[in-house]
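Hi,

Here is the structure I promised to pass on.

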Amino acid sequence: MNIQSLFGMENKTALITGAASGIGKGIAEAFAALGCAVAIVDIDKNMVNQLETEIKQSEGKAIGIECDVTKADDVKSAVETAIKALGGLDILVNNAGIGKRSKAEEMTDDQWDSVIDANLKGSFLFCREAGKAMIARGKGGRIINMASITAIVGVETGNANYAASKGGIVSMGRCLAVEWAKHQILVNTIVPTHIRTPLIEKLIQQDQETEKHFLNNILLGRLGEVDDLIGPTVFLASDSARFITGQTIVVDGGHTAK
């Protein structure tokens, strides 16, 4: 077997949610650079269009799709648009998510519902529509869900809603892996620690103690970078991971080692 083909992305198609910035953008750019045609899905229309243009200028293949991941009709339309534009769907990366922090005793219904809807429901809606399309196509597929370290360890930063949504994503991924194995659809979850994204940078700027708090738990002594997640995501999307499904891959700089 050609070792290079194990990690190749040529002639594959992928849909990435939350792809206009941060982790999603990094993954979309990496996939495109490796020859994968990408559907860039995000609620921010301007940033979606900008990234589509940038990828095309670099001779990559991309389509930008505006979508509210909490709305089933939007999700169905996004998947159908991606398939029509790209000629099929091999890979789904569920990365879209939000956070609304509050002490549990002060958390409002809206803070709970909006985070669960965007993170957990949104991930399920895309899994459902992508899974349905992959089953109908009959060529298998890959689904990679992005969770969080809060799915595994407790935190004291007002993230009960976020942790619940990400823990649900891990459990959901295992169930989908079991249900869809017969269709050769592999479903895995990545669990990152704190990654230096625009959202995390904003939190750090608001409170300098935040970064110290994050670093206290990471053995390697630094926040994760978006680039730290590209390798694991490419691996799970590639033929090198063709015998891996239902797994949770922790990318945490040693956060859970002690």
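Both faces of strand S2 are covered: Ala-37, Ala-39 and Val-41 on one side are buried, and so are Val-38, Ile-40 and Asp-42 on the other. That gives 6 buried residues out of 6 for S2. Buried here means under 20% relative accessible area, with exposed over 50% and partly exposed in between (1.4 Å probe, protein chains only). In a regular strand the side chains alternate between the two faces of the sheet.

Before the rest, some housekeeping. This is a predicted model, where local features need pLDDT of at least 70 and side-chain atom pairs count only at pLDDT 80 or more, while totals for chains, interfaces and linings use all residues. Residues are numbered from 1 along each chain as its sequence is written, and side-chain values use heavy atoms, leaving out hydrogens and water. Helices (H or I, at least four residues) and strands (E, at least two) are DSSP runs numbered from the N terminus.

Now the sheet. It is open, has 7 strands in the order S3-S2-S1-S4-S5-S6-S7, and pairs in parallel; two strands pair if DSSP finds at least two bridges between them. Strands S3 (62-66) and S7 (248-251) stand at the edges with a single partner strand each, so one side of each has no neighbour in the sheet. From one strand to the next, the twist averages 15°.

Around S2, the pairing goes like this:
- Strand S1 (residues 13-17) runs parallel to S2 over 5 bridges, with Leu-15 partnered by Ala-39 in S2.
- S2 and S3 are also parallel and joined by 5 bridges; Val-38 has Ala-62 in S3 as its bridge partner.

S1, helix H2 (residues 22-33) and S2 form a right-handed β-α-β unit, and S2, H3 and S3 form a right-handed one too. Right-handed means that, with the strands pointing away from the viewer, the path from the first strand over the helix to the second runs clockwise.

Finally, the helix pair. H2 and H9 pack at about 55° with their axes 10 Å apart (axes are lines fitted to C-alpha atoms, for helices over the stretch in contact, and angles run from 0 to 180 degrees between N-to-C directions). The contact (heavy atoms within 4.5 Å) involves residues including Ile-23, Gly-26 and Phe-31 of H2 and Leu-229, Thr-233 and Ala-237 of H9.

Cheers
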